[in-house]
There are 2 protein chains.
Amino acid sequence: MTTPITQHIVRSLTDGDLPRVWSLLVTVFGDLAQEKGRKISGVALGHMAEAIGLKPEAVRVAMHRLRKDGWIESHKEGRERHHCLTDWGLAQCVHASPRIYGTPAQNARVWLHVYERGSAPATGHDIVLNTTSRLSADPGDPAGAFVTEINPDTALPDWMRNKVCPADVVQTARIFANRLTDCAAFLKDHPDLGPLDVAVLRILIVHGWRRIVLKTPDLPDYVFPKDWDGPTCRARVAALLAQYPRVDTQMIAKPT
Amino acid sequence: MTTPITQHIVRSLTDGDLPRVWSLLVTVFGDLAQEKGRKISGVALGHMAEAIGLKPEAVRVAMHRLRKDGWIESHKEGRERHHCLTDWGLAQCVHASPRIYGTPAQNARVWLHVYERGSAPATGHDIVLNTTSRLSADPGDPAGAFVTEINPDTALPDWMRNKVCPADVVQTARIFANRLTDCAAFLKDHPDLGPLDVAVLRILIVHGWRRIVLKTPDLPDYVFPKDWDGPTCRARVAALLAQYPRVDTQMIAKPT
């Protein structure tokens, strides 16, 4: 079922960097089956995996581990095998979804906390700046710490921005932003995608973005490094996912 | 020449705590002779020192040291000895005057600087909060440090306020504020002061306030500890000094 179009989509979004199978399969179920009882057939999964370039044996091993780790349940119906997220796996995907699919809340805010001496352990998305100061999405306790809100107009030194997002994630985002541009340009000239094309496109977009955004704190973009392409990635991801809505994976299982 | 009124003024403003002679004499010249060529006769100085309760021998020793340190010049004119500030001594007094006599500028501002690691040595009135942060009257360099202005509405933790002004200075200010109130109440009932009374009154007011204000950084009152009575002292000092202008010390030298 893999067409030259599928191949081009895969190449434009991965440039040959094959994603980790286990992690990619979480993306597959998280994007295409994030709904109680929504299942993906073994046949459809096999087509998608093959299109992306994953070896059947690697998929088999990863699925085994996903079942063992409690992410996936598999059932046989007649001669066909079906897979779906467990309740726990579903809860994990639902938890991560706002960050992957959402735009940052308009009212996302961030505060600087300065303590006299070494402070309590950082929690949640706190960014530890040094032993006595941190950035936090939490307004904190002004009795214990000096607290000041950081707004989009606040000048921030580079060392502070660089703590918010490590250089390798900034670089990954830059590469991914370019891949999304290349892919969008290709799609403009190839408007007619089959169900497998769309599924693969969504999976690789969501997977690429998920691996970036979940490595960053849930803080406003304006505290990120100046060369952070996160907002560009997020906008392009949102545009492409809106343009190519989820497909019913049963369409992939059927011969065209 | 010392009258019960002088004695009461001295008691209300010192409560028996005799100031260091050397330092008090700097105040005497700073308040009464802060003008090029303005001199104070040995006789007038003796009357003032006696009224305050200083021993003539202690005054003689302190004047000797003030001459040696370059603050004071002494000249004989006929049978009288006169003293005045040297150019250097005058410059010192002129430098300190805005803080002693002035109200804090309406536009006094203060910034928090947060550095990634141990920062450059503090300068001027910077208050070192810990190894990576400080308060400064200088807006600093936002490329090197995170800088945020602290305004009157900013909530500040007590540990930060306490760094701005040590507890003993806060306590001295509280005591001095009370002494000023007592003294003002007494003066209300005793409106007719002689030149020596006024000179002694001014000297002890300026000296008491100078010993407080010059131990504090030149930062807005709103970053000081909550129980800081500096603004109260400053207002009472200003009111009394305005009510009792400088006297010509020649009036003190003459017998009444």
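How many disulfides does a search of the whole structure find over all chains? The search finds zero, a disulfide being a pair of cysteine sulfur atoms within 2.5 Å. A:Cys165 is in no disulfide, and the nearest cysteine sulfur, that of A:Cys233, is 10 Å away. That distance from the sulfur of A:Cys233 to the closest cysteine sulfur is too far for a bond. A:Cys165 counts as buried at 1% relative accessibility, and A:Cys233 counts as buried at 0%. Here buried means under 20% relative accessible area, exposed means over 50%, and partly exposed lies in between (1.4 Å probe, protein chains only).

This is a predicted model, in which local features need pLDDT of at least 70 and side-chain atom pairs count only at pLDDT 80 or more, while totals for chains, interfaces and linings use all residues. Residues are numbered from 1 along each chain as its sequence is written, chains are lettered from A and ligands numbered from 1 in the order in which they are written, and side-chain values use heavy atoms, with hydrogens and water left out.

**Chain arrangement**

Chain A is superposed on chain B by a rotation of 180° with 0.1 Å of shift along its axis, at an RMSD of 0.1 Å. That is the relation of a two-fold axis. The superposition is by least squares on the C-alpha atoms of residues with pLDDT of at least 70 in both copies. Of the interface residues of chain A, 100% are also interface residues in chain B, so the copies meet through the same surface.

**Salt bridges**

Over all chains the structure holds 32 salt bridges, each a side-chain nitrogen of Lys or Arg within 4 Å of a carboxyl oxygen of Asp or Glu.

| Pair | N to O distance | Accessibility |
|---|---|---|
| A:Asp31 and A:Arg202 | 2.8 Å | both buried |
| A:Arg60 and A:Glu57 | 3.4 Å | A:Arg60 exposed, 56%; A:Glu57 partly exposed, 47% |
| B:Arg234 and B:Asp221 | 2.8 Å | B:Arg234 buried, 14%; B:Asp221 partly exposed, 22% |

The side chains of A:Asp31 and A:Arg202 meet in a salt bridge. A:Asp31 lies in helix H2 (residues 21-32) of chain A and A:Arg202 in helix H8 (residues 195-213) of chain A, so the pair ties together parts that are 171 residues apart in sequence. Helices (H or I, at least four residues) and strands (E, at least two) are DSSP runs, numbered from the N terminus. A:Asp31 and A:Arg202 are also linked with A:Arg246 in a network of salt bridges.

A:Arg60 and A:Glu57 both lie in helix H4 (residues 56-68) of chain A, three residues apart, about one turn of the helix.

The side chains of B:Arg234 and B:Asp221 meet in a salt bridge. B:Arg234 lies in helix H9 (residues 230-243) of chain B and B:Asp221 in the loop between helix H8 (195-213) and H9 of chain B, so this pair ties together parts that are 13 residues apart in sequence.

**Helix H5 of chain A**

Helix H5 (residues 87-101) of chain A has 15 residues and reaches 20 Å from its first C-alpha to its last, close to the 21 Å expected at 1.5 Å a residue. The expected span is 1.5 Å times one less than the number of residues. At A:His95, shortly before the proline A:Pro98, H5(A) has a kink of about 30°, the bend being the angle between axes fitted to the seven residues ending there and the seven starting there. The buried residues of H5(A) include A:Leu90, A:Cys93, A:Arg99 and A:Ile100. Among the elements that cover the buried residues of H5(A) are H2, strand S3 (80-85) and H8 of chain A, where contact means heavy atoms within 4.5 Å.
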